[in-house]
2 protein chains.
Amino acid sequence: MQKIMGDATTVVPDYLRGLAAAHPGVVEYDPVDRIVVRRAPAAPGKVGLVSGGGSGCEPLHAGYVGLGMLDAACPGEVFSSPVPNQIMAATRRADHGAGVLYVVKNFGGEVMNFGLAAEILRREGVRIEKVLVDDDASFPPELAARRRGLGAAVLVEKIAGAAAEEGRPLDDVAALARRVVGRSRTFGVALSSCTHPKTGRRTFDLPHGEYEVGVGIGGDRGHERRPLPPVDEIADVMLKRIIDELELRPGNQVVVLLSGLGATPAIELYGLFAAVRDRLVKQGVEPVRSLVGDYITSLDSQGALLTVLHADEELLELWDRPVHTASLRWGA
Amino acid sequence: MQKIMGDATTVVPDYLRGLAAAHPGVVEYDPVDRIVVRRAPAAPGKVGLVSGGGSGCEPLHAGYVGLGMLDAACPGEVFSSPVPNQIMAATRRADHGAGVLYVVKNFGGEVMNFGLAAEILRREGVRIEKVLVDDDASFPPELAARRRGLGAAVLVEKIAGAAAEEGRPLDDVAALARRVVGRSRTFGVALSSCTHPKTGRRTFDLPHGEYEVGVGIGGDRGHERRPLPPVDEIADVMLKRIIDELELRPGNQVVVLLSGLGATPAIELYGLFAAVRDRLVKQGVEPVRSLVGDYITSLDSQGALLTVLHADEELLELWDRPVHTASLRWGA
């Protein structure tokens, strides 16, 4: 795949500059610390939310900075964790006096660097809680430690962000965030790998007529390669482990996030959503809210990540609250 | 490119079913007439807006049905115009007693079929006005008749939709829509062709290291094939004819719509936006509103369409009005 870009070394700052220029009322980009900070004034005593991760997964996380979601995001290089200095700078901007919640996806570098930043800042007296996002249902429970952080990051940022906005204390916001992770699972499939801007090469080769089952973000391979079936069967494969893990029963209400991986056309993604929804409804599970689009991606991969959250009244109420970020906006 | 799909013959209805299921409060899908209709009640005497075109260019047009934009959309087969019966059914649903405006992109089939539908319905007494969208700046003025309808369709639907929502009469809404077209130009580039779901084949082959200059939607080739330059030069190429044609001068304010063609990652698109914006600002032109994302696409093409609207106070005021559709939403 070819790329619209300049120097491969400035792909990330070029993106961030463009993001801030396109959403001047929503975010500010600080090129020195390479962080993105919300513009909407936060009430004194509002818990701050910070996340970050390897670039290439846009709009994660800078696209979710703004009213009702993150206070600051620290984007790393493509598919590389942000460094502790970035995270510390973001934390200082996000701290409104009530402490900061880190939304950390379960990737080695992110866990380590957010941990280091927290350790240093806590010594300075900053209150920090962390939520570990590990919603990847492609690993069985006995390999739970390897479960990657995927679409649940978006759900956590939305729901915990709404709770922070209404002034809930840090412990409550953190507990809520952990509850969202515990009730969410994601399963991903890819019809192509992606092309890293620095190497210009695909991260793996996939023969025509096959797809990768159980992928994450970052261009890694899945657990298995299988012949590409029709959409209905793809929906079955994606839903099976999610439904089992969440122990979904008739009458349960769910939030569905179906994200394209970056190069999946809307016509295909909505077709897959129709198939997923049919299956949920058939089992008596009610999809009461849904998002379909590019919400967590992997550069120019074709494929999709399906995230399901077992909802309840409190979570839905917070879900519906106003949000105004570059990539998610309603009621504002 | 591989596809997430079932039977190639049901790709369009599967998409529409998914769209309506994901946005149940916003749109209704009528599978018999194959039209998408807004759910938000329209005030009696509101001018109706109808558009449609070949599928494969999502979210055009069904993604723009809702409060503040279209009353109904009629999607054709992939890259094929809707048929007159569809258009007539959409018109009947969109007519709230004050007549209907057709937003017609300058493609042969669309012009013909919207024309036929209008002819028949006018005989029944329905008031219909048409706006022809032909914003493609890649054809020089002497070939104006061949200018395709591109990103200006989104701008027209937003601005004329806001005017209709406030109760302006049909002639006013139509005049405003024509004013938006006259003040908008689009230039497109592609780094890859797209794959038609029925044939499974790319619409053209593009050697690595080259790109197509002056493309539209629908998988057609551009005017020229050139070596792929860095992003800054791509921005120059896209802007040059637009600035010339709109005769933009220092102090002018513009709305910028930069749309990916379907498989362009956000990181590249925002990088291109940064380059476009730098160039406008350097010339004293002020980008006062912008949209960056997949707003008008061509299946799984890589590339972008840049649309610039020479704004004025009235247009900006209407631009800022609330909108609630599947793909564009603010203030609601």
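Visitor: How many residue pairs are in polar contact across the interface of chain B and chain A?
Guide: This is a predicted model, and the rule takes a pair here when both residues are at pLDDT 80 or more. Across the interface of chain B and chain A, the number of such residue pairs is 20.

Visitor: Which element gives the largest share of the side of chain B that touches chain A?
Guide: Elements of chain B that give two or more residues to this side include helix H1 (11-22), helix H6 (231-246) and strand E12 (286-293). Helix H7 (266-282) is also one of them. The largest share, 10 residues, comes from H7(B).

Visitor: Which residue of chain B forms a salt bridge with Lys3(A)?
Guide: The count of salt bridges between the two chains is four. In one with Lys3(A), the closest N and O atoms are 3.4 Å apart, inside the 4 Å cut-off. The partner is Glu268(B).

Visitor: What area is buried between chain B and chain A?
Guide: The contact involves 54 residues of chain B and 54 residues of chain A. Gln2(B), Ile4(B) and Ile267(B) supply 22% of the area that chain B buries against chain A, more than any other three residues. Carbon and sulfur atoms give 62% of the area buried between the chains, which is about 4400 Å².

Visitor: How are the two copies related?
Guide: Chain B superposes on chain A by a rotation of 180 degrees with 0.0 Å of shift along the axis, at RMSD 0.0 Å. The two copies are therefore related as by a two-fold rotation axis.

Visitor: Which residue of chain B comes closest to the rotation axis?
Guide: By C-alpha, the closest approach among the residues of chain B is 1.9 Å. That residue is Ala263(B).

Conventions
Residues numbered from 1 in each chain as written. Chains lettered and ligands numbered in written order. Predicted model: local features only at pLDDT ≥ 70, side-chain atom pairs only at ≥ 80, totals over all residues. Heavy atoms only, no water. Contact = heavy atoms within 4.5 Å. Buried area = accessible area lost by both parts, 1.4 Å probe. Salt bridge = Lys/Arg side-chain N within 4 Å of Asp/Glu carboxyl O. Polar contact = N/O pair within 3.5 Å; in protein donor to acceptor, adjacent residues only side chain to side chain. Helix = DSSP H or I, 4+ residues; strand = E, 2+ residues; numbered from the N terminus. Least-squares fit on C-alpha atoms with pLDDT ≥ 70 in both.
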